[in-house]
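Look at the model below with its helices in view. The walk starts with helix packing, moves on to rings and charges, and ends in the loops.

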Amino acid sequence: MKLPRGLNSLNKYLITTVSVCVIITTFLVTRNKQLSLPGHPSSQQNIEPQGQENISVKLSPEIQSRIEKLALFIGYSRSGHTLIGALLDAHPHIVISNELDIFERWREWTDEERTRENLMNKIYENSYIQTQDVGYRSATKRNGRTYAVPNQWQGKYKDYIKVIGDKKGGKATKFFSRMEEVANETLDEINLPVKLIHMVRNPYDNIATMILRSLKIPTQDAIVSKKQINNAKAMEYNLRTYLWGVKENYNLIQRFGSSVLTLHSEDVIANPKEPLKKLCKFLEVTCTEDYLNDCASIIYKSTSKSRRTIVWSYLYKQKVEEAINDIPFLRRYTFES
């Protein structure tokens, strides 16, 4: 059946209009995807109005040439490294990757990949990825804790980068202590002054949380249940791992001297601005009051005393007490404190 001429014209007009809408929608979707590249103004929320943002996932030779220091973490798992790494990455002139594990990457890479340029780009790329979707620093992360700092510079930088680094505490300690050749080769290629950040937490809480994590038990669930876990195998392994780390990190502090800053997790939670000021001074960067306030806004309100979720025999407690008595940076701690 043939439509009247008037209806044919209307039909053509409608088809043309729909086609144009489809084209415009496709263009806008494609454009939004392109604008989601790191550093583009529309890809980040709460961007400071002043200063030139980075516009590429790779760092230009000029930006790399202005980097002054390499910041690395030493320490123990479950001690607060992730939080501090995220806070530092929020600084406009600091880029910190989250568990890129630069020494392990260096060991795995081919000769062609083992360059300063490639390593710097991988650190920066990791920093950006951490702010996306389910990354630890993503504002849209739905499951688990997010370390997104509002209004600041996570995953990007302002004008230039002064400090670049990686957060992989326990693993960095292992490389410095057991695989020094790999660590030295990596640092020689980077060719920057090294600053080491040593995070410390009450050893009873630190070991307890390591045990819970190894048993795949959420810390908060264990605290709420008020049931104590008695697992000798998990206790012996994690206690041994922790005490080895304490000894090796103490040796690294003696070796690197003033290039190491020890921070206590409890101090960060109790009064976050002061430890952050110490960090900025240590890394020789300025920190604004806005930066300090925004970082402080994501800090826990109290420490998690996971020590009481674990059964501590006299022997295990005695080993921890011996370490507390022997190691200066642990002397402030007791089981009850």
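Axes here are lines fitted to C-alpha atoms, for helices over the stretch in contact, and angles run from 0 to 180 degrees between N-to-C directions. Helices (H or I, at least four residues) and strands (E, at least two) are DSSP runs, numbered from the N terminus. The model is predicted: local features need pLDDT of at least 70, side-chain atom pairs count only at pLDDT 80 or more, and totals for chains, interfaces and linings use all residues. Residues are numbered from 1 along each chain as its sequence is written, and side-chain values use heavy atoms, with hydrogens and water left out.

Start with helix H5 (residues 116–129) and helix H7 (residues 180–190). Their axes come within 8 Å and cross at roughly 95°. H5 and H7 are therefore roughly perpendicular to each other. That label covers 65 to 115 degrees; angles under 35 count as roughly parallel, over 145 as roughly antiparallel, and the rest as oblique. Which residues make the contact? H5 supplies Arg-116, Leu-119 and Met-120, while H7 supplies Thr-186, Glu-189 and Ile-190. Contact means heavy atoms within 4.5 Å.

Move to helix H13 (residues 289–296). Tyr-291, Leu-292, Asp-294 and Cys-295 of H13 are buried. They cover an arc of only 170° around the axis, which puts them on the same side of H13. The arc is taken from the directions from the helix axis to the C-beta atoms. Buried means under 20% relative accessible area, exposed over 50%, and partly exposed in between (1.4 Å probe, protein chains only). What do the buried residues of H13 pack against? Their partners are helix H3 (81–89) and helix H12 (273–283).

Now the rings. The structure holds 10 aromatic pairs. Rings of Phe, Tyr and Trp (its six-membered ring) pair if their centres lie within 6.5 Å; planes under 30 degrees apart count as stacked, over 60 as edge-to-face and the rest as tilted. Take Phe-103 and Phe-175: the ring centres are 5.6 Å apart and the planes stand at 45°, so the pair is tilted. Phe-103 lies in helix H4 (residues 102–108) and Phe-175 in helix H6 (residues 169–178), so the pair ties together parts that are 72 residues apart in sequence. Phe-103 is buried at 2% relative accessibility. Phe-175 is buried too, at 0%.

Trp-312 sits in the loop between H13 and helix H14 (314–326), and Phe-335 in the segment after H14, 23 residues apart. Trp-312 is buried at 12%. Phe-335 is also buried, at 12%.

Charges meet rings as well. The charged end of Arg-145 sits over the ring of Tyr-300, 4.1 Å from the ring centre. Lys-195 places its charged end over the ring of Phe-282, 4.6 Å from the centre. The criterion is NZ of Lys or CZ of Arg within 6 Å of the ring centre and within 35 degrees of the ring normal.

Finish in the loops. Most residues other than glycine have a negative phi. Asp-101 is not a glycine, yet has a positive phi of about 65°. Asp-101 lies in the loop between strand S2 (94–98) and H4, and is buried at 6%. Asn-191, also not a glycine, has a positive phi of about 55°. Is Asn-191 buried or exposed? Asn-191 lies in the loop between H7 and strand S4 (194–200), and at 61% relative accessibility Asn-191 counts as exposed.
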